[in-house]
Amino acid sequence: MSIRSFLSNRGELAQSSSTRSPIVMSTRIRLARNLAQFPFPGWAKKTQNEEVLGRCLEVTARIPQIKNPTGLRIDELSELERQILFERHLISRELSNEPEGAGVIISKDQSCSIMINEEDHLRIQVIKNGLHLKRTWNFINSIDSAVEESLDYAYSKDLGYLTACPTNVGTGLRASAMLHLPGLVVSGQMEKVVRAVNQLGIAVRGIFGEGSDASGSFFQISNQQTLGESEAEILKRLNSVMATIIEREEDAREKVLEDDRNKIFDKIGRAYGVLKNGHLLSSSEAMNRLSLIRLAIDFGSLAEQSRGLVDRLFIECQPGHIQFNANKEIEPNQRDVLRASYMREAFAKIPEPSFDHFTQ
Amino acid sequence: MAESINCDICSKLATVHLTQIVNGKIHKIDLCETCAKEKGVTDPNGFSLADLLASGVDNDGVDVSHSDLVCSVCGFTPEDYKKLGRLGCPSCYEDLAPMVEPMLAYMHKGVSHIGKKPENTLARVESRSKLTEIEDQLQNAIDEERYEDAAELRDQLLHLSKEEEGFHVH
């Protein structure tokens, strides 16, 4: 399959038919694994990395759990193709920036990818829409076991799976969920939440400082520690922290609707206006406006059917996807024009938000 | 606008502010957009403050003063860790243990692995070490002219290597 036609398939995150939910955009788990007989990629010789890449591509390509996989060498991809895989969360920035001896295997539905020679020899990742920690774990666990049938992993009885960075040793497991928390952002509670969950060994990633709506109010919540706790315990803790955050977000939204509803309705209305009628749209503005549209869906002000489209637009408004859709490389200013036109087209099909049900 | 804070790495205006509490200690980091990107803070795939801390922005808990240590397998030293923020090979964990162990205690919930085991790998490792053991015994038996024992050991060896091959067929 050519890379172009592969990329033309929408990824798991852009599927409109799957189980979607308010607040939780997606669940992701990754496992860090290394081969026993080789130095870690950052310390290995070029020839060793090539050998690892060859063996891993061969083994991962015939794992029954990964249907119709596409195996790619990163050094054979263009900058733009790498950018698209990055925007879809299928490869990391690091893999994209250091292509020598690096590769990736991606399942046809793009819910599973295995990076080869990133920081570790293998970075297995499964990503699903909505909150599905258990299901995601079961799936990745079986992929991991299947790979291990053919490859000897670096493992110690005391320290578990050995990884290049000591922060990942043990289970090698990082589980995360992408949460949409506009209520907590608008009501200024986000920093408090971050401090509270940090104390539980859970990390929150997000860019603060650039105004309260930065990055569309998306936050990634993930476990920080990997040693001294089983996979099940890590997932359980993350799950309960997430349940609390979701509850807080729901409360915050309710409070905003009680205290200051016209302000939030106004923001949503303006976001809709800009997306439907704008002619210049940067990716960060698009993210922030789309975030409000997603909130409008949660409020029942827009049809639930639009959720799949809106979630897809978060990815398709990114610079790489704008250029891919245009089939050429484009300067940033010109991208803003194209992005706006893409949004106008998409929003022509979305009827305007209605807030009548709040006043009845 | 909040008061302006400078990036911990390059001193430009910081726009990314992270706070984490690891084992009761508060760690704060302020970064500019460029350094945040470079350090992978904005990369949803793998950032953790612990990585940043471990790579030397904040050296608490990371002791790289063990200058006499070197990995017997890959030649990696604590000095290399200071530069790379990562280890050289799986054996580094054992050979550089005096440096690594305090870091693990600092970063993680415990210092012993609980959880999944790579069952196939462990089975293969065990079968290989058994193979070596019997080969040694066989050599001894031959050296000591215990030919009946040697024949029996040779049969065991044949049997085991067939099993070992079986692992690779799957």
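**Note on a predicted two-chain model**

1. Of the 360 residues of chain A, 54% count as buried, where buried means that 20 or more other C-beta atoms lie within 10 Å of a residue's own, exposed means 12 or fewer, and partly exposed is in between, with C-beta atoms placed from the backbone. This is a predicted model, in which local features need pLDDT of at least 70, side-chain atom pairs count only at pLDDT 80 or more, and totals for chains, interfaces and linings use all residues. Residues are numbered from 1 along each chain as its sequence is written, while chains are lettered from A and ligands numbered from 1 in the order in which they are written.

2. The overall dimensions of chain A come next. A compact globule of 360 residues would have a radius of gyration near 21 Å, and chain A has 21 Å, which agrees; this radius is taken over C-alpha atoms, and the globule rule is 2.2 Å times the number of residues to the power 0.38. Along its principal axes, the C-alpha trace of chain A spans about 65 × 45 × 35 Å.

3. Chain A contains 14 helices and 10 strands, where helices (H or I, at least four residues) and strands (E, at least two) are DSSP runs numbered from the N terminus. Among the contacts in chain A between residues at least 6 apart in sequence, 71% join residues at least 24 apart, a contact being a pair of residues whose C-beta atoms, placed from the backbone, lie within 7 Å.

4. Chain B has seven helices and two strands, and from the N terminus on its elements run β-β-α-α-α-α-α-α-α. Of its 170 residues, 29% are buried, and residues 24 or more positions apart account for 37% of the chain B contacts with a separation of 6 or more.

5. Strand E10 of chain A (residues 218-223) deserves a careful look, because five of its six residues are buried, so that it is largely enclosed by the rest of the structure. Strand E8 (residues 173-180) of chain A runs antiparallel to E10(A) and is joined to it by five bridges, with Met178(A) standing opposite Gln220(A). Strand E9 (residues 202-205) of chain A is likewise antiparallel to E10(A), through four bridges, and here Val204(A) stands opposite Ile221(A). Two strands are said to pair if DSSP finds at least two bridges between them. As background, the side chains in a regular strand alternate between the two faces of the sheet.

6. Ser217(A) lies in the loop between E9 and E10 of chain A, and it has a positive phi of about 60 degrees although it is not a glycine. Ser217(A) counts as buried because it has 24 C-beta neighbours inside 10 Å. Glu145(B) also has a positive phi, near 60 degrees, in a residue other than glycine; its place is in the loop between helix H6 (119-143) and helix H7 (147-169) of chain B. Glu145(B), however, is exposed, with 8 other C-beta atoms within 10 Å.

7. Helix H13 of chain A (residues 332-347) has 16 residues, which at 1.5 Å a residue should span 22 Å, and its end C-alpha atoms are 22 Å apart, which agrees; the expected span is 1.5 Å times one less than the number of residues. The buried residues of H13(A) are Arg335(A), Asp336(A), Arg339(A), Ala340(A), Tyr342(A), Met343(A) and Phe347(A). These residues cover an arc of only 165 degrees around the axis, which puts them on the same side of H13(A), the arc being that of the directions from the helix axis to the C-beta atoms. They pack against helix H9 (261-277), helix H10 (283-298) and helix H12 (319-326) of chain A.

8. The largest nonpolar core has 119 residues, and among those touching the most other members are Ile221(A), Leu290(A) and Ile293(A); such a core is a set of buried Ala, Val, Leu, Ile, Met, Phe, Trp, Tyr and Cys residues joined through C-beta atoms within 7 Å. H10(A) gives the most to this core, with eight residues. Apart from it lies another core, of eight residues, including Ala14(B) and Cys35(B).

9. Pro39(A) sits in the loop between strand E1 (24-33) and helix H2 (46-60) of chain A, and it is buried, with 26 other C-beta atoms within 10 Å. Leaving aside its neighbours within four places in sequence, Pro39(A) is in contact with Ala44(A), Gln48(A), Cys74(B), Gly88(B) and Cys89(B).

Methods. Contact = placed C-beta atoms within 7 Å.
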